[in-house]
Amino acid sequence: MNILHTSFECYPIAKVGGLADVVGALPKYQQKLGHTASVVMPCYTNDFVKKAKYKYIHEGALWLDKVSYTYAIRKVVSPDLGFDVFQIYIEGLLDTKDVYNYANDTQRFISFQLATVDWLTSLEELPDIIHCHDHHTGLIPFMLKHTKSDPNLQKIPTVFTIHNAQYQGQISFEKLSYLPDFDKKKIGLLDWGNCINPMASAIKCAWRVTTVSPSYMKELQAKANGLEELLRHEKSKCIGILNGIDTQIWNPETDLFIIKNYSQNNVVSGKKANKKWLCDQYNLNIAKPLFVFIGRLVGEKGADLLPEIIEEALSNTDINIIILGSGDTAIEERLTVLRENFIGRCYIHIGYDEKLSHIIYAGADFLMMPSRVEPCGLNQMYALRYGSIPIVRRTGGLKDTVIDIGDDGFGICHDQTTTWDVNYSIKRGIAFYDNQKEYKKNQKRIMKIDHSWDHSANQYVTLYKSLIP
């Protein structure tokens, strides 16, 4: 089976969040199952692209409103990725350093999709399945069906995955001219909330719709930033498939980023070595339990409560805290003040550091995820893999992957994203940590949990096969 994934992110080429991790791993595991899986994405001007070698395989042209652009398809020449990656270069649109947050993002997203569809018309062998990821690719199912005369494109089954329904890519109908000609009787397939809504269009037009966990799919039918009614109407073609993690990259036995490698057999000494490095680096006390947060500093992740959580926890308990992330500047500023107020107890790293994140997973005792919204969550799976106990709110994929120690499980769960709930969970964590015999036994237990992509990749392949005649 020939599978083509379309995405704006793919690890290690360009990463903003979990989308990149998924698109960088799922094709690799589908290749292991004997299929041909590849990715098409934009060609940015970041460090990876500057160092990579490319083979030019196609050039074409597209119209965006009344402006003509040329595009080039470049194939990454690298055996290390585990699958083929095709990058679309469009000068003035996709040749950016960063992935998002440009004034012309609408034009960038649409041009990428136009170029992808135009490139497909030139291929001698078409994909058996096109798998679109998030709203940046949400117009592709509509374009394949309604904006091209080539009947072969209309026959290609499409799967659309919602990684986060909070971001839908809404476009004013004033920009309808950005799209190629189509039968205006079909305009309802674009419309949701009196605008062009790429995510809504994909839900209507894709052959199947998936989310990144079963619980998130259920939650979206009740709360989906305005898409609830549509998802309930289309529920017969919707399914939740839990994300996995790339266990080749996230493996404490072989991880080149961490200070000391370890397995279930020497988890105690291995984690202690990584924790010691963190404590030495940031002037923390290794004897105290280490609680960490890694992620975007936004309300979705519950990060707006972190300053209150940290101040209360450090004032009333004897623990250390490390925060790694960036996002809302107001949250960043409040956390920076706390770092100065609690020197020797708390370290805040504003920004993202891939190497440091691995060391933190390896050295942490507990990982905090007080998310308001968490479609799947990968951090809790990384933590489990590295023997760190997740403290999570019961929502989305966190609910599907973490069972509370009070229910014969292995993590600590709470029901609300509040300062009280999180600090109560921290106190439960401290009590569990104090019982070192049970704590160490649990560390070995959680490292055995299999959250690899093997099972999930099989589920996707089964879904694809059900769509192919």
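**Helix α1.** I started with α1, residues 18–32, in this predicted model. I get 15 residues and 21 Å from the first C-alpha to the last, close to the 21 Å expected at 1.5 Å a residue. Next I checked burial: twelve of the 15 residues are buried, so α1 is largely enclosed by the rest of the structure. My list of buried ones includes L19, D21, K28 and Q30. What do the buried residues of α1 pack against? I found strands β1 (2–6), β2 (36–42) and β6 (129–133), plus helices α13 (379–385) and α17 (453–467). Just after the helix, I noted G34 with a positive phi of about 100°.

**Cores.** I then looked up the largest nonpolar core, which has 72 residues. Which residues have the most contacts inside it? They are I88 and I162. Helix α3 (residues 105–120) gives the most to this core, with eight residues.

**Sheet.** I traced an open sheet of six strands, ordered β12-β11-β10-β13-β14-β15, with parallel pairing. I put β12 (346–350) and β15 (412–414) at the edges, as each pairs on one side only. The twist averages 15° from one strand to the next. Zooming in, I saw β11 (residues 320–325) pair with β12 over five bridges, and G325 stands opposite I350 in β12. Last, I checked helix α12 (residues 354–363): it packs on the sheet, touching β10 (290–294), β11, β12 and β13 (366–369). The direction of α12 makes about 145° with that of β10.

Notes. Residues are numbered from 1 along each chain as its sequence is written. This is a predicted model: local features need pLDDT of at least 70, side-chain atom pairs count only at pLDDT 80 or more; totals for chains, interfaces and linings use all residues. Side-chain values use heavy atoms; hydrogens and water are left out. Helices (H or I, at least four residues) and strands (E, at least two) are DSSP runs, numbered from the N terminus. The expected span of a helix is 1.5 Å times one less than its number of residues. Buried means under 20% relative accessible area, exposed over 50%, partly exposed in between (1.4 Å probe, protein chains only). Contact means heavy atoms within 4.5 Å. A nonpolar core is a set of buried Ala, Val, Leu, Ile, Met, Phe, Trp, Tyr and Cys residues joined through side-chain atoms within 4.5 Å. Two strands pair if DSSP finds at least two bridges between them. Axes are lines fitted to C-alpha atoms, for helices over the stretch in contact, and angles run from 0 to 180 degrees between N-to-C directions.
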